[in-house]
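Open the model in your viewer and start with the whole chain in cartoon view.

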Amino acid sequence: MATKNLLKEIRNGLLLIDDDSLLDLPKIHHWLSVESYWANGREFEVVVRAFVNSYSFGVYEDETQIAVARIVSDAATFAWLCDVFVDSKYRGRGIGTWLAEATVEWAEINGVKRIVLATGDAHKVYARVGFAPLAQPDRWMAIDRRPQAQGH
């Protein structure tokens, strides 16, 4: 069984924690469906279902959520880091890197050896914590039926 509610860290007055009960799902929905390039138009119910069935991390200033990330995983062999979002007012402070570090720590705690992600614009953020391009991309395949995926 994967660990939950074990990661908690405070930096510069901000709290990073993996406590699903603290997630501000309406805010997360807005970030993803309106402000992100990868989940534009995602329905609220889909966001809720995605987070309920994932391992989630939030960053908070006082009690206000300012960033989020989630891991989709079997908590044994594989993890996919996705839906990493930092509120625009808080970007440039290393919060995205901090979230990526926390997800790598979660994987280490759970013995997960493979973590993947996809990004269109934050390669440097993830490289800081050890992510690199796929060593053998020709082995990977996908089905992507999202409408916005057709142009990307």
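**Whole chain.** This is a predicted model. Colour by secondary structure: the protein chain has four helices and six strands. Read from the N terminus, their order is β-β-α-α-β-β-β-α-β-α. The radius of gyration is 15 Å, close to the 15 Å that the globule rule gives for 152 residues, so the chain is as compact as a globular protein of that length. Along the principal axes, the C-alpha atoms fill a box of roughly 45 × 35 × 30 Å.

**Surface.** Switch to a surface view. The accessible surface is about 9400 Å², and carbon and sulfur atoms make up 52% of it. Now select the charged side chains: 17 are positive and 20 negative, and the centres of the two sets are 5 Å apart.

**Interior.** Of the 152 residues, 41% count as buried. Next select Phe57, Val59, Ile95, Leu99 and Trp106, which have the most contacts inside the largest nonpolar core, a set of 29 residues. Strands S2 (14-17), S3 (55-61), S4 (64-73) and S5 (78-86) and helix H3 (95-109) each give two or more residues to this core. H3 gives the most, with eight residues.

**Around Phe57.** Centre on Phe57. Beyond its neighbours within four places in sequence, its contacts include Leu7, Leu16, Ile17, Ala67, Ile71, Leu99 and Trp106.

Finally, select Leu23, Trp31, Ala39 and Phe85. These are among the 13 residues of another core, which lies apart from the largest one.

Methods:
Residues are numbered from 1 along each chain as its sequence is written. This is a predicted model: local features need pLDDT of at least 70, side-chain atom pairs count only at pLDDT 80 or more; totals for chains, interfaces and linings use all residues. Side-chain values use heavy atoms; hydrogens and water are left out. The radius of gyration is taken over C-alpha atoms; the globule rule is 2.2 Å times the number of residues to the power 0.38. Buried means under 20% relative accessible area, exposed over 50%, partly exposed in between (1.4 Å probe, protein chains only). Accessible areas come from the Shrake-Rupley method with a 1.4 Å probe; for residues, only the protein chains shown count as cover. Lys and Arg count as positive and Asp and Glu as negative; His and the chain ends are not counted. The place of a charge is taken as NZ of Lys, CZ of Arg, CG of Asp or CD of Glu. A nonpolar core is a set of buried Ala, Val, Leu, Ile, Met, Phe, Trp, Tyr and Cys residues joined through side-chain atoms within 4.5 Å. Contact means heavy atoms within 4.5 Å.
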